Amino acid sequence: MYLLEVRDLTKHFGGIRAIDEVWFRAKEGSIMSIIGPNGAGKTTLFNCLTGITRPTKGVISFFDREITRLGRDSIVKLGVARTFQNIRLFREMTVIENVMVSQHCRTRSGLLSAIIRSSSFRDEEKAIREKALEYLELVGLEAYPDTIASSLPYGSQKRLEIAKALATEPRLILLDEPTAGMNPQETGAMMGLIKKLQGLGKTIILIEHDMKVVMGISENIVVLDHGMKIAEGTPSEIKCNPMVIEAYLGKEH
Amino acid sequence: MFIQQLINGLTLGGVYALIALGYTMVYGILELINFAHGEIYMLGAYLGIIFLAFFTTVGLTAYSLPLAMILTFVLSVIFCSAYGFTIEKIAYKPLRNAPRLSPLISAIGVSIFLQNYVMLTQGATDKIFPNLFEKAGIEFIGARVTYTQIFIIAASAVLMLSLNLFITKTRMGKAMRAVAQDKVMASLVGINIDTVISATFIIGSALAAVAGLMVAIYYGLVNYSIGYIAGIKAFTAAVLGGIGSIPGAMFGGVLLGLVESFSAAYISSEYKDAYAFIILIIILFIKPSGLFGKSQEEKV
């Protein structure tokens, strides 16, 4: 069963083809990596998948449902969550508030019940809090629920982003360079966390530059260069693909 | 004298704070200075007169004054919220991705339109708000406090506390703070930005409606142009407190009311309207982002 299908996806910015007729599919429950040199169109691809950028042409379908032209919040509701390369959090909120507000699309208590503080409101509020703590525990931040998000150390902010993504109850999680700027130890922990997410039944697509991470955890790799897909395959296939080696290292003289 | 001016200042300050909240909430979310907001306050006052006149005609006021007043407040709030909601949909939403100056000009246009609309339909002369509550009041440490003043101070305080509770505790309040901090991120956790913006306009307009109606009761006179000066003052209050900050608008409003009332009493009432702006200039010299505002680095 394919969770995500991208067909003929193209995005032009003026004369620049950021993504050029890209096709790929992601299997449910798998970990897939998208790699490529800087400027290959990886982040633009994520932006198209989450509704931040409208593609010029092409079709994105999620569970056999076309999501190409849907609004960002509708795509999230269907079950696509993401993190950013340059961390994006609600910086002035506390750690737990960040996770709680991310459960927004899965909760319903309205204004009226909040004002009269009905029992269903209090129950839901309590449930949201408990669930938020569970997500924090999963990423290892349960000790700092009341810290202001922007004062967390870098690595913890990256993990908070993942907890936020999880709180929207996604089926597909897009991770944009989850290990960027991390030391080997932190990278190892992040790989463990990604595996754990897969264990929860989530499908994961990551953009990554660290080849140890890419080769270590992905089942399938898509290689982009100048917006075009130049290769796709398992880690061992990609490792010895001459096109990929050329894109990364240049032509041999 | 001191206590008297304190009470007068708090009354005025409560009203400024309620209007300032509308400015600051919209700015926090859209980075738009909603110049039409003062007109909503003016509409609140006019609608109050209209509904009260209606209830008097049908005999409800004679039957039960409190009931008639409550209904007047509720209806004015509902109508003003509808005005605020509609203004956003017609005048600001289509310009959401336009350069920042365009919605600002649109806001000024809406303001001029509403003033003239009320002038044409209600006349250019002052309307009198029926004096239902004689100048009854209590003596308080040598000062005279009318029941209307007590009501205004209490109502402003209750509304501000409820707003604070709403923003910090409820799901929609949290969504508003999220949208104010990062719109894209907020939509990526499933928050519908349009709903949040509409809610912001509805709440801001409701507060302005209450402020307008209370001022109509307090001064007894209403004119189509009252929204202009009140709007500018409340905007000053919001900037004073740090625009975008909710506690800032509350504090700025009350501070402005106190400054006006004390300076009118102790310095001179000739320049009553100027003191507000003098304070604004001084504070912006010392702390350009306002009292509660955060200094922001320019986004590249």
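A compact globule of 300 residues would have a radius of gyration near 19 Å, and chain B comes out at 19 Å, which agrees. That radius is taken over C-alpha atoms, and the globule rule behind the comparison is 2.2 Å times the number of residues to the power 0.38. Bear in mind that this is a predicted model, where local features need pLDDT of at least 70, side-chain atom pairs count only at pLDDT 80 or more, and totals for chains, interfaces and linings use all residues. Residues are numbered from 1 along each chain as its sequence is written, while chains are lettered from A and ligands numbered from 1 in the order in which they are written.

How far can you trust it? The model scores ipTM 0.76 and pTM 0.85. Chain B averages a pLDDT of 90, with 98% of the residues scoring at least 70; pLDDT is the predictor's confidence in each residue, from 0 to 100. Within chain B, helix α4 (residues 65–92) has the highest confidence, at 95, and strand β2 (residues 137–140) has the lowest, at a mean of 78.

**The two chains**

Chain A has ten helices and ten strands. Its radius of gyration is 19 Å, close to the 18 Å that the globule rule gives for 253 residues, so chain A is as compact as a globular protein of that length. Chain B has twelve helices and four strands. Helices (H or I, at least four residues) and strands (E, at least two) are DSSP runs, numbered from the N terminus.

Here are some whole-chain values. A residue is buried if 20 or more other C-beta atoms lie within 10 Å of its own, exposed if 12 or fewer, and partly exposed in between, with C-beta atoms placed from the backbone. Two residues are in contact if those C-beta atoms lie within 7 Å.

| Property | Chain A | Chain B |
|---|---|---|
| C-alpha span along principal axes | about 70 × 40 × 35 Å | about 55 × 45 × 40 Å |
| Buried residues | 40% of 253 residues | 48% of 300 residues |
| Share of contacts at separation 6 or more that join residues at least 24 apart | 67% | 77% |

**Core and contact between chains**

The largest nonpolar core has 158 residues, and those with the most contacts inside it include A163(A), I19(B), C80(B) and A211(B). Such a core is a set of buried Ala, Val, Leu, Ile, Met, Phe, Trp, Tyr and Cys residues joined through C-beta atoms within 7 Å. In soluble globular proteins, nonpolar side chains tend to be buried together. Take I19(B): leaving aside neighbours within four places in sequence, its contacts are H37(B), Y41(B), A208(B), A211(B), A230(B), G231(B) and A234(B).

Between the chains, 18 residues of chain B are in contact with 24 residues of chain A. On the chain B side, the elements giving two or more residues are α7 (171–181) and α8 (183–187), and α7(B) gives the largest share, seven residues. By class, that side has eight nonpolar, five polar and five charged residues. Here Ala, Val, Leu, Ile, Met, Phe, Trp, Tyr, Cys and Pro count as nonpolar, Asp, Glu, Lys and Arg as charged, and the others, Gly among them, as polar.

Helix α1 (residues 2–30) of chain B has 29 residues, which should span 42 Å at 1.5 Å a residue; its end C-alpha atoms are 40 Å apart, which agrees. The expected span is 1.5 Å times one less than the number of residues. α1(B) is mostly covered, with 24 of its 29 residues buried.

Helix α6 (residues 147–169) of chain B has 23 residues and reaches 32 Å from its first C-alpha to its last, close to the expected 33 Å. Which residues of α6(B) are buried? They are Q149(B), I152(B), S156(B), M160(B) and L163(B). An α-helix has 3.6 residues a turn, so residues three or four places apart point the same way. The buried residues of α6(B) pack against α1, β3 (143–146), α9 (193–219) and α11 of chain B.

**Two loop residues**

N131(B) sits in the loop between β1 (127–128) and β2 of chain B. N131(B) is exposed, with 9 other C-beta atoms within 10 Å. Its C-alpha lies 27 Å from that of M160(B), 29 residues apart along the chain.

S245(B) is in the loop between α10 (226–241) and α11 (246–266) of chain B. Is S245(B) buried or exposed? It counts as buried, because it has 21 C-beta neighbours inside 10 Å. Not counting residues up to four places away in sequence, S245(B) touches T24(B), F292(B) and G293(B).
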